[in-house]
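Thanks for making time this morning.

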Amino acid sequence: MSEYSFPRDLLDSIKTRWQNVPDQHFALPEDNILRRLLETCYHASFRTSEQRLVQCVVAYVSPGDIPQEALHLTDLVQMTDSELVRLSPVTQHRQTVIGCYQVDDWLGIWGFFEHGQAWVQHSAGDPPAVPMQPGDYPPDCLMITIEGPGALTVSQGRTGLVRLRNGRVIFPQVNLLQTTENPLGDFFFQLVNRLLTRDQYQELSGNADETEGQFSLQNIYTTSILAILERIRLKRHGGSVVIAPVSFDQQLAHITYTVFEHGGLFGEIVAYKRLVNQLCDLNSNSESPAELESSQAELALRRASQQLIRGISQISLLAAVDGAVLLDDLLRIQGFGVRFPVLLPPGSRIVDALSGRKYLCDQWGLRHQSVFSFCHKCEQAIGLIVSQDGEVKAVKAEQGQLYFWDGILN
């Protein structure tokens, strides 16, 4: 058995998981075409265009099955790794898709089409300016995203099927920050519930619907955190964010840059949530809302979304400074360039929460070890680490034992 996985090792997983996706409107290509498509994208991922990494999305779909306006080439272009390298700079990663389809026994590139801005914003972790509509989502065809050297994500439209990264096959997992079946999700569930006991937020906790769905307060809160991590990852400089809802011994954190009375993201999150509720109430009334009233509600929601995104971007930019960004439970910036002294006992181990395997903490660099140390000393805190290679870990201690969760953005 090979130590590393390659594109050919994805075929069975793709075919098996494709059958489990409901409401199929698109078919997979033949095995030899599917393998060629994967291998072409894989080889293109290792190449560069004027020292730029190749990053793009390739969709296997007939041009006749794309309902929205698309840019069609006059003549089909044979799909090769060289063509993907050449065309990737003219596409906008996550938004413009390269369309290809089988022609006899080869693959032809027929043109380009758009995901749609609302889906791009949603998939990047940004709270959408208005609730998503069915037409905002990409078609449920086979899509291959070239993320970086040797890194491919295969999906059926918006449904992830399998990922290849660092020679490993990775399957999609539930959003660990939004399910209470693990310590990460339970941490955020308890945090948001505590905040909702405060007088100014109590009206958001009375409705059963507030605990579920895309626009629940916990969902918006954790989506905002994921958006911060995604922006740090896209910068490719790495960084870490620590959320500490309680006060702690100042000796555990040396704050290089303190911040004076930062307002925090939670106020923006609540404002966004209230406007979502207002717009939903308008749309659910038996009588159609007045056009002016509906337009004003959508405009207010759009502005709230933009304000929240600005706050998200501000926090992510601070991660470029050496050291961590330290936030409290209201997502207020306590400081940045924060250094956590490494105080772990020699031989300390950290457990992979998903596999149960134990690793020596000192096999990672100082960025990881410092966050490990702080979380070990402050069990009410959670650490989020973005490596320069794009991997994202969450770290938390439970009853004296350190745990990490890998692939948070997978």
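Let me begin with Cys141, which is buried, its relative accessible area being 0%, where buried stands for under 20% relative accessible area, exposed for over 50%, and partly exposed for what lies in between, with a 1.4 Å probe and protein chains only. Cys141 takes part in no disulfide, and the nearest cysteine sulfur, which belongs to Cys100, is 9.2 Å away; a disulfide here is a pair of cysteine sulfur atoms within 2.5 Å. Cys56 is likewise buried, with a relative accessible area of 0%, and Cys56 is in no disulfide either, the nearest cysteine sulfur being that of Cys41 at 6.7 Å. For the structure as a whole, the count of disulfides is 0.

Before going further, a word on provenance: this is a predicted model, in which local features need pLDDT of at least 70 and side-chain atom pairs count only at pLDDT 80 or more, whereas totals for chains, interfaces and linings use all residues. Residues are numbered from 1 along each chain as its sequence is written, and side-chain values use heavy atoms, with hydrogens and water left out.

Now to the sheet. An open sheet is formed by 8 strands in the order β4-β6-β5-β3-β7-β8-β9-β10, with mixed pairing; strands are DSSP runs of E with at least two residues, helices are runs of H or I with at least four, both numbered from the N terminus, and two strands pair if DSSP finds at least two bridges between them. β4 (71–78) and β10 (168–170) stand at the edges with a single partner strand each, so one side of each has no neighbour in the sheet. From one strand to the next, the twist averages 25 degrees, with axes fitted as lines to C-alpha atoms, for helices over the stretch in contact, and angles taken from 0 to 180 degrees between N-to-C directions.

Finally, the chain overall: the protein chain has 9 helices and 19 strands, and buried residues make up 51% of its 410 residues.
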